[in-house]
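Open the model in your viewer and get ready to select. We will go stop by stop.

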Amino acid sequence: MKLLLLHHAGGDKYAYKVLVNKLEAVGFICICYELSGRSDRYAEPLNNNLQTTIDKLELFINQQFKSNETYAIIGLSMGALLAYLVSHQLVQKEKNAPKLLILSSRMSLSSYANDIDFNQMTSEAFWQYILKYGGFSEQFLQHQELKNFYEPILRNDFSLLNQFKISMADELSLDIPAYILNGKEDFTIHQNGINDWRSYFNGVLEFEIFKGGHFFLYDASDEIVDFIIGKINHYD
């Protein structure tokens, strides 16, 4: 089966490099989508509108996958939200939606109605908050040029997340089988926010907890690959 992988806020398609290498070694075809304004798409302006971001992702999917071609989407954090929203849009338009969703490090859609407004944060406060996620080290803060590079990307991506309105996903629940994965030590997750995913799916929905924090999907790649193999074999 083909896998479409959607990265976290501030990330790029290379965030999945280790996981992709291991998945491709066991026969999966991995396609990593990258938002504009970073890495291979650095020359393109950042997309600062959530609906436009979803529309462009839909166009990418329509270009990459033939009608009725079987594929799954794996999304981490912001990527999980994008995975759900684009799947929702594809179903509404009766286009080729994924066969399976694997959503990680993200509580249900209704759990983010009062997200923090990062645009009001000073640079120092912003980076102190970002450090809690575990994606950057304290040593990173000593490199002003790196902070200058990543801060606009991160602020843009958090702005996209804050544009989410529950009305974007309240017209139907998906019949797509889904697995909700979270790290046991992820400070952004609470149990009610996990359980509320049940409101957005009609079919198979399972929850799995792994050792690690917000980025456990990257850190526990061997365990994640075994999990993906086991689950996808049921739908391929």
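## Stop 1: a strand, a helix, a strand

Select β1, helix α1 (residues 17-25) and β2: together they form a right-handed β-α-β unit. Right-handed means that, with the strands pointing away from the viewer, the path from the first strand over the helix to the second runs clockwise. Helices (H or I, at least four residues) and strands (E, at least two) are DSSP runs, numbered from the N terminus.

A word on the source: this is a predicted model, where local features need pLDDT of at least 70, side-chain atom pairs count only at pLDDT 80 or more, and totals for chains, interfaces and linings use all residues. Residues are numbered from 1 along each chain as its sequence is written, and side-chain values use heavy atoms, with hydrogens and water left out.

Now colour strand β2 (residues 29-33). It runs parallel to β1, joined by five bridges. Two strands pair if DSSP finds at least two bridges between them. Click L4: its bridge partner in β2 is I31.

## Stop 2: the whole sheet

In what order do the strands of the open sheet lie? The order is β2-β1-β3-β4-β5-β6, six strands with parallel pairing. Go to the edges, β2 and β6 (205-210); each pairs on one side only. Neighbouring strands of this sheet are turned by 20° against each other on average, direction ignored. (Axes are lines fitted to C-alpha atoms, for helices over the stretch in contact, and angles run from 0 to 180 degrees between N-to-C directions.)

## Stop 3: strand β3

Select β3 (residues 71-76). Is this strand mostly covered or mostly open? It is mostly covered: six of its six residues are buried. Buried means under 20% relative accessible area, exposed over 50%, and partly exposed in between (1.4 Å probe, protein chains only). Y71, I73 and G75 are buried on one side, and A72, I74 and L76 on the other.

Look at the neighbours. Strand β1 (residues 2-6) runs parallel to β3, with five bridges joining them. In β3, I73 stands opposite L4, and Y71 stands opposite K2. β3 also pairs with β4 in the parallel sense, over five bridges. There, G75 stands opposite L103. Follow the chain from β3 through helix α3 (residues 78-92) to β4: this β-α-β crossover is right-handed.

## Stop 4: helix α8

Show helix α8 (residues 221-232) and click K231 inside it. K231 is buried, with a relative accessible area of 19%. Leaving out residues up to four places away in sequence, K231 touches Y179, E206 and E208. Contact means heavy atoms within 4.5 Å.

## Stop 5: two crossing helices

Select α4 and helix α5 (residues 144-162). Their axes come within 12 Å and cross at roughly 75°. That makes α4 roughly perpendicular to α5. (Angles under 35 degrees count as roughly parallel, over 145 as roughly antiparallel, 65 to 115 as roughly perpendicular and the rest as oblique.)

Show the side chains. From α4, the contact uses S123, F126, W127 and I130; from α5, it uses K147, Y150, E151, L154, R155 and F158. By class, six are nonpolar, one is polar and three are charged. Ala, Val, Leu, Ile, Met, Phe, Trp, Tyr, Cys and Pro count as nonpolar, Asp, Glu, Lys and Arg as charged, and the others, Gly among them, as polar.

## Last stop: D117

Find D117 in the loop between β4 (100-104) and α4 (123-131). D117 is partly exposed, because its relative accessibility is 36%.
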